[in-house]
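Me: I'd like to learn how to read a few side-chain and surface features in a model. Could you walk me through this one?

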Amino acid sequence: MTLEQEAHLAETQAQIQALVESKYRDGASKHGGDLLTYGTLTLIDNAIEENLDALVYLLRAKSVLQASQEPRQ
């Protein structure tokens with residue numbers, strides 16, 4: 001990889017690490033409990049809920065972007 005790609009990778013890794021740490025700690029504080037004790041079905045159900053939220057956000061963002069790119073009449 002090029003030096004530019006290596007720098008981009010390092011920056012991306014640092015951003016991901018910071019986001020994961022913040023989200024993990026925030027979730028532990030807000031929801032209590034211990035993620036390590038959740039059963040498999042609970043983990044799957046929570047992941048499905050989180051992914052549905054993400055899908056709604058992505059669909060809305062796409063809609064807004066498409067509307068901004070439509071020709072004005």
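Reply: The general idea: a side-chain nitrogen of Lys or Arg sits within 4 Å of a carboxyl oxygen of Asp or Glu. Keep in mind that this is a predicted model. Here R25 pairs with E21, with 3.0 Å between the closest N and O atoms.

Me: How many salt bridges turn up in the whole structure?

Reply: Two. The other partners are K30 and D26, at 3.3 Å from N to O.

Me: Where do K30 and D26 lie?

Reply: Both are in helix α1, four residues apart, or about one turn. R25 and E21 are likewise in helix α1, and because they are four residues apart, about one helical turn separates them.

Me: Is R25 buried or exposed?

Reply: Over 50% relative accessible area counts as exposed, so R25, at 57%, is exposed. E21 is partly exposed at 40%. In the other pair, K30 is exposed at 61%, while D26 is partly exposed at 35%.

Me: Which residues make the nonpolar surface patch?

Reply: I16, V20, Y24, L35, L36 and L43, covering about 600 Å². Helix α1 (residues 3–31) contributes the most, three residues. Y24 lies in that helix and is partly exposed, at 45% relative accessibility.

Me: What about the largest pocket: how much space lies in it?

Reply: About 540 Å³. It has 17 lining residues, and G27, H31, L35, Y38 and E50 are the closest to its centre. Helix α1 supplies the largest share of the lining, eight residues. By type, the lining has six nonpolar, five polar and six charged residues.

Notes
Residues numbered from 1 in each chain as written. Predicted model: local features only at pLDDT ≥ 70, side-chain atom pairs only at ≥ 80, totals over all residues. Heavy atoms only, no water. Patch = residues over 30% accessible without salt bridge, like charges linked within 9 Å, V, L, I, M, F, W, Y side chains within 5 Å. Areas by Shrake-Rupley, 256 points an atom, 1.4 Å probe, with all protein chains shown as cover. Helix = DSSP H or I, 4+ residues; strand = E, 2+ residues; numbered from the N terminus. Buried < 20%, exposed > 50% of the residue type's maximum accessible area, 1.4 Å probe, protein only. 1 Å grid on protein atoms, 1.4 Å probe; cavity = no way out; pocket = protein on both sides within 12 Å on 5 of 7 lines; lining within 4 Å. Points joined across faces, edges and corners; volume = space filled by probe spheres on them. Nonpolar A, V, L, I, M, F, W, Y, C, P; charged D, E, K, R; others polar.
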